[in-house]
Amino acid sequence: MLKLIIGLMLLASSHVYAAELSWQDKLSWQNIQKNWQDDVQFHGFLSQGLISSSGNNVYGHSKNSVSALTEVGLNASYQYSSQISFAIQGLYRRAGSTTGKNGIGVLDYAFMDYRFFNDNQWQVGIRGGRIKNPWGLYNETRDVSFTRPTMFMPLPYYERSRGLVLAMNGGQVYVNQFTNWGDLYFKFNLGVTESDQELLIAVTSNPAISGKLNTSGVNFLTQLRYEILEGQYVFAVSYAQMDFEYKGLSPIYNNLQVPIRPLMLSMQYNGERFSLAAEYNLQWNHFYGALVPEIKNVSEGWYIQGGYKILDNLEATIRYDQTARDKDDPLGKKISALSGGLMPAYYLFTHDTTISLRWDVTPEWMLRAEYHRVHGASNISMIDNPDIGDIAEHWNIYALQVAFRF
Amino acid sequence: MDKTVKLSLYFYGLFLFSSSVFAIEIITHNDSGLSLNFKNEENIRAIFSMRQRYWSNSEKIKVFVLADNHVVHKAFAKEKLAIFPHQLRRSWNRMTYTGTGQSPKTVNSVIEMIQKVKQTPYSIGYVDTLVSDDDIKVMGAR
């Protein structure tokens, strides 16, 4: 009986495939190998940066010394059919005290993509798993140095609390439309947002706090992007709703609710030699529900950045970037006065002027040199700068980087 | 190496020092039933930016390109796609490093391009030289 069933199954399957290949052919090693080569791709990137600074620490002990930033990524993607694909990427980072001496390896993304609809004009689908967040112009590939405008991300990218926008554990709906007047990309990510110690410290202004912030309720991050001429002009709006709640042993923070609502407006021009980018970021904050005083404010940040390709493979970039904890108090004077001077005003803003030179030695290798003149310290890592009394207002960052991609 | 490729090499060698004589031509593997109905540069751009991944007969498109800094690649991007090479790279990077797509295969030379397109069913590439081969179709050629 079993033999008969197997026989019928074989017959049935050979019948199904008769139109194209026999099942023996389909299962032959050559064919499996061929499909594997055609449908599976591996890529990766690696970068090593050296940083020296005056005044404050960046990615470890860089102050009057040298610290290092290491980024390594490796990914695989599998295009199973015209509708279904899989992708996974691992990321290793060593970036100062937050990642420890030996660095940290994480799953950067891992998801299945199911495309309902696909033609020359429309792409509609869902992704499930861990998915990169479409925040601004650069976030989705923020750890691939080749795709960043400078070695250090612009301030509105939450480099200190990167977990906020890094990736979402959950799902994504995407709709892409390609028209004669440009391309529209819509993405909606729903799920769990990560938080970290840096975010907790920033929210509570308490470097000694223990415990953590957990996602509460449903978080989402969404973006609508409009591109003309394959990205020669890019316009985007990104918005997120993130709700956190304090979990820990400090009773005064019990039941602390942390809803954060960031919005980003982005524009970019990518010409043959000249490029221009500008982004404007507003973030509505409301910290309440605990015994500590309620905080309600709007943070504001923006930057403008110009790039010029001196040669096809040599590009200079200059950027002015500023951010304020409270947009109604851009230089932190009111909050500082309220604290009786306990909190210096320059903890509440950052103004950063960047000059960067990038040399693409080959399509796979890149070298970069960068200088930052910084006023204010609202965005520095509290873990890399534990001595609050020793934080400088006016400081410099010098950096070199070598990067490889394949 | 077979005759036809040798012939291509001969032509390539002949015009190596005057490559501007030839315009860039898009070539495909000469599969029967392959749809080559490119209405305008938009469609070709969709293929080379890896947005359109399948031919109309549901076969996967195998895209071959030269390195970003190759003179023929630069000319191809500008002449045939009306965009700059760094825009193609931006699209490929976005897909490659977010898992939302795949990148084209890079070949080292125009000669290798011709060989790959000849050997690979459902493939597409481009050249800056005369190609005369039964297995290769030159777009726009009658």
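**View 1. Surroundings of A:Leu213 in the predicted model.** Leaving aside neighbours within four places in sequence, A:Leu213 is in contact (C-beta atoms, placed from the backbone, within 7 Å) with A:Ser195, A:Leu199, A:Leu200, A:Phe244, A:Glu245, A:Tyr246 and A:Val258. The model is predicted: local features need pLDDT of at least 70 and side-chain atom pairs pLDDT 80 or more, while totals for chains, interfaces and linings use all residues. Residues are numbered from 1 along each chain as its sequence is written, and chains are lettered from A in the order in which they are written.

**View 2. The largest nonpolar core.** This core comprises 32 residues, and A:Val165, A:Leu213 and A:Val258 have the most contacts inside it. A nonpolar core is a set of buried Ala, Val, Leu, Ile, Met, Phe, Trp, Tyr and Cys residues joined through C-beta atoms within 7 Å; buried denotes 20 or more other C-beta atoms within 10 Å of the residue's own, these atoms being placed from the backbone. Among the elements giving two or more residues are helix H5 (197-204) and strand S11 (257-270) of chain A; helices (H or I, at least four residues) and strands (E, at least two) are DSSP runs, numbered from the N terminus. S10(A) gives the most, with six residues.

**View 3. The open sheet of chain B.** Five strands with mixed pairing follow the order S3-S2-S4-S1-S5, where pairing requires at least two DSSP bridges. The edge strands are S3 (105-107) and S5 (136-138) of chain B. Strands S2 (residues 62-66) and S4 (residues 123-127) of chain B run parallel, joined by two bridges; B:Lys62 has B:Ser123 as its bridge partner in S4(B).

How values were computed. Buried ≥ 20, exposed ≤ 12 C-beta atoms within 10 Å, placed from the backbone. Contact = placed C-beta atoms within 7 Å.
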